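Have the sequence and the structure open as you read.

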Amino acid sequence: MRVLIFAALFAVAAAAPQFLQQDFQARPVFRILSDSRSIDPSGRYFYQYETENGIKAEEEGDVKRVGNEEAEVVRGSFQYVGTDGQQYAVTYTADENGFHPQGAHLPVAPAIPEAILRSLEYNAAHGDQE
């Protein structure tokens, strides 16, 4: 029984490096064309990079006071070429109100119907009345 277990473990160990090597070789490797980073003790930072396959990204962040607490404020963008050959670009901000991406390919919520908008405005103006 021990011989069988040992043989099975040996077979798996012998096959694993070949499997990993084939998987790694199947993926292309792209050079980094530019890479810049900066960070200071106040919490402010910046980074930017670009690769030879069309990926570009940059982001800057800072810390700001929100009431009695500190919050991170971030602005950035990235772009890449999708598997369909199209160029995709996203700009974004992130702060105490959440993450807010913008891009031509991102879905946009439909406009609020006029009747619902009037109802919301009425409720806001007359909140506590019955």
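## Salt bridges

The salt-bridge count here comes to 6, where a salt bridge is a side-chain nitrogen of Lys or Arg within 4 Å of a carboxyl oxygen of Asp or Glu. Before we get into them: this is a predicted model, so local features need pLDDT of at least 70 and side-chain atom pairs count only at pLDDT 80 or more, while totals for chains, interfaces and linings use all residues. Residues are numbered from 1 along each chain as its sequence is written, and side-chain values use heavy atoms, with hydrogens and water left out.

Take aspartate 35 and arginine 37, whose side chains meet in a salt bridge at 2.9 Å, N to O. Aspartate 35 is partly exposed at 44% relative accessible area, while arginine 37, at 56%, counts as exposed. For those labels, buried means under 20% relative accessible area, exposed means over 50%, and partly exposed is in between (1.4 Å probe, protein chains only).

## Bridges across the sequence

Which parts of the chain does the salt bridge between arginine 75 and glutamate 60 tie together? First the distance: their closest N and O atoms are 3.5 Å apart. Arginine 75 sits in strand 4 (residues 69–81) and glutamate 60 in strand 3 (residues 56–66), so this pair links parts that are 15 residues apart in sequence. Helices (H or I, at least four residues) and strands (E, at least two) are DSSP runs, numbered from the N terminus. Both partners are partly exposed, with arginine 75 at 37% relative accessible area and glutamate 60 at 36%.

Lysine 64 and glutamate 96 give another salt bridge, 3.4 Å from N to O. Lysine 64 is in strand 3 and glutamate 96 is in the loop between strand 5 (87–95) and strand 6 (98–102), so the pair ties together parts 32 residues apart in sequence. Lysine 64 counts as partly exposed at 36% relative accessibility, and glutamate 96 counts as partly exposed at 38%.

## Strands and hairpins

Strand 1 (residues 32–39) and strand 2 (residues 45–51) run antiparallel and are joined by 7 bridges; two strands pair if DSSP finds at least two bridges between them. One place to look is serine 38, whose bridge partner in strand 2 is phenylalanine 46. The two strands form a hairpin with 5 residues between them, and glycine 43 in the turn has a positive phi of about 105 degrees.

Strand 2 also runs antiparallel to strand 3, with 6 bridges joining them. This pair makes a hairpin too, with 4 residues between the strands and glycine 54 in the turn at a positive phi of about 95 degrees. Glutamine 48 belongs to strand 2, and its bridge partner in strand 3 is glutamate 58. Is glutamine 48 buried or exposed? At 19% relative accessibility, glutamine 48 counts as buried. The side chain of glutamine 48 also makes a 2.9 Å polar contact with that of serine 34. A polar contact is a pair of N or O atoms within 3.5 Å; within protein, one must be able to donate a hydrogen and the other to accept it, and residues adjacent in sequence count only if both atoms are side-chain atoms.

## Aromatic rings

How many aromatic pairs turn up in a search of the whole structure? The search finds 5. Rings of Phe, Tyr and Trp (its six-membered ring) pair if their centres lie within 6.5 Å; planes under 30 degrees apart count as stacked, over 60 as edge-to-face and the rest as tilted. Phenylalanine 78 and tyrosine 80 form a stacked pair, 6.4 Å centre to centre with 15 degrees between the planes. Phenylalanine 78 is partly exposed at 32% relative accessibility, and tyrosine 80 is partly exposed at 32%.

Tyrosine 92 and phenylalanine 99 make a tilted pair, 5.5 Å centre to centre and 40 degrees between the planes. Tyrosine 92 counts as buried at 10% relative accessibility, whereas phenylalanine 99 counts as exposed at 51%. Phe78, Tyr80, Tyr88, Tyr92 and Phe99 form one aromatic cluster.

## A nonpolar patch

Ile112, Ile116, Leu117 and Leu120 make a nonpolar surface patch of about 340 Å². Patches are made of residues with over 30% relative accessible area and no salt bridge; like charges are joined within 9 Å and nonpolar side chains (Val, Leu, Ile, Met, Phe, Trp, Tyr) within 5 Å. Accessible areas come from the Shrake-Rupley method with a 1.4 Å probe, and for residues only the protein chains shown count as cover. Leucine 117 is found in helix 2 (residues 114–125) and counts as partly exposed at 31% relative accessibility.
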